[in-house]
Amino acid sequence: MRRLSLFITILLFFSFFSVNAQQSDTVEEDQSLVSQFQALEKKSGNYNANGIRYEVVRLSDLNRIKKSIFDSINTANASIKQLTATIEGNTNEIDGLNTKLQETTSNLTRVTNEKDSISFFGALLSKGTYKAIVWGIIAILTLLLFLFVYKFRNSNFLTQQAKSALAELETEYEDHRRKALEREQKVSRMLQDELNKQKK
C-alpha cells in the first residue's frame with residue numbers, strides 16, 4: 001500500500017511539471033508576439049505633408065509580425081490536432097480497460113461461487129490465493145484506468161487552453177487589421193478632401 005501511494009505521488013508530481021512546462025511555452029510565445037507589436041509601434045514613425053499627418057510602418061517589420069502570427073496559428077492548429085488524436089486514443093484505451101475490468105469482475109463473481117479449490121492455469125490454488133491474484137490484477141487495471149482518465153482530462157484541458165489562445169490571437173489579429181483599415185480609410189478621406197479643396 002505504501003509503494004502504491006508513493007508511485008501515485010511521483011506520477012502526479014511529474015505530470016504537474018509537464019503541464020506547467022507546456023503552459024509556460026504558450027505564455028512565452030504570446031509575450032513574443034506582444035513584444036513584436038510593441039517594437040513595431042516604437043519603430044513606426046509619422047510625418048506631415050501638405051498639412052496631412054501620415055503614419056509609417058516598415059513593410060518588412062509588418063511582414064515579420066504577420067509571419068510570426070501565422071506561425072503561431074499553425075503551431076496552435078498542430079497542437080490541437082495532436083491533442084485531439086491523443087484524446088481519441090485515450091478514449092479507446094479507456095473503453096478497452098472498462099471492458100477488461102467488467103470481464104475481470106464477472107470472472108471474480110463466478111469464481112467466488114465455486115469450491116475452495118480452484119484450478120488456475122492447471123494448478124490448484126486455495127480461494128485466498130486466487131482472490132489475491134485476481135484482486136491484484138483488478139488493482140493494476142484500476143490504476144491504469146485512473147491513469148488514462150487523468151491523461152484524458154489533462155489532454156482535454158490543454159486542448160481547451162490551445163483553443164482559447166487561438167481565439168484570443170485571432171481576435172487580436174482582427175482588431176489590428178480593422179484599426180489599420182480604419183487608419184487607411186481616414187488617410188484616404190483626408191487626401192480626397194485636400195484634392196477637392198485644391199480643385200476649388
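V57 is partly exposed, with a relative accessible area of 39%; buried means under 20% relative accessible area, exposed over 50%, and partly exposed in between (1.4 Å probe, protein chains only). The model is predicted: local features need pLDDT of at least 70, side-chain atom pairs count only at pLDDT 80 or more, and totals for chains, interfaces and linings use all residues. Residues are numbered from 1 along each chain as its sequence is written, and side-chain values use heavy atoms, with hydrogens and water left out.

**Surface patch around V57**
- V57 lies in the loop between β2 (52–56) and α2.
- Together with L59 and L62, V57 forms a nonpolar patch on the surface, and the accessible area of these residues amounts to about 260 Å².
- Patches are made of residues with over 30% relative accessible area and no salt bridge; like charges are joined within 9 Å, and nonpolar side chains (Val, Leu, Ile, Met, Phe, Trp, Tyr) within 5 Å.
- A salt bridge is a side-chain nitrogen of Lys or Arg within 4 Å of a carboxyl oxygen of Asp or Glu.
- Accessible areas come from the Shrake-Rupley method with a 1.4 Å probe, and for residues only the protein chains shown count as cover.

**Overall architecture**
- The protein chain has three helices and four strands, in the order α-β-β-α-β-β-α from the N terminus on.
- Helices (H or I, at least four residues) and strands (E, at least two) are DSSP runs, numbered from the N terminus.
- Of the 200 residues of the protein chain, 18% count as buried.
- The protein chain exposes about 14900 Å², of which carbon and sulfur atoms supply 57%.

- Strand β1 (residues 45–49) and β2 run antiparallel and are joined by five bridges; two strands pair if DSSP finds at least two bridges between them.
- N46 has E55 in β2 as its bridge partner.
- Two residues lie between the strands of this hairpin, in which N50 takes a positive phi near 60 degrees.

**Aromatic pair**
- Rings of Phe, Tyr and Trp (its six-membered ring) pair if their centres lie within 6.5 Å; planes under 30 degrees apart count as stacked, over 60 as edge-to-face and the rest as tilted.
- The count by this rule is one aromatic pair.
- The pair is tilted because the planes of the F70 and Y173 rings stand at 55 degrees, with the centres 6.2 Å apart.
- F70 belongs to helix α2 (residues 59–112) and Y173 to helix α3 (residues 127–199), so that the pair links distant parts of the chain, 103 residues apart.
- F70 is partly exposed at a relative accessible area of 37%, and Y173 is partly exposed at 26%.
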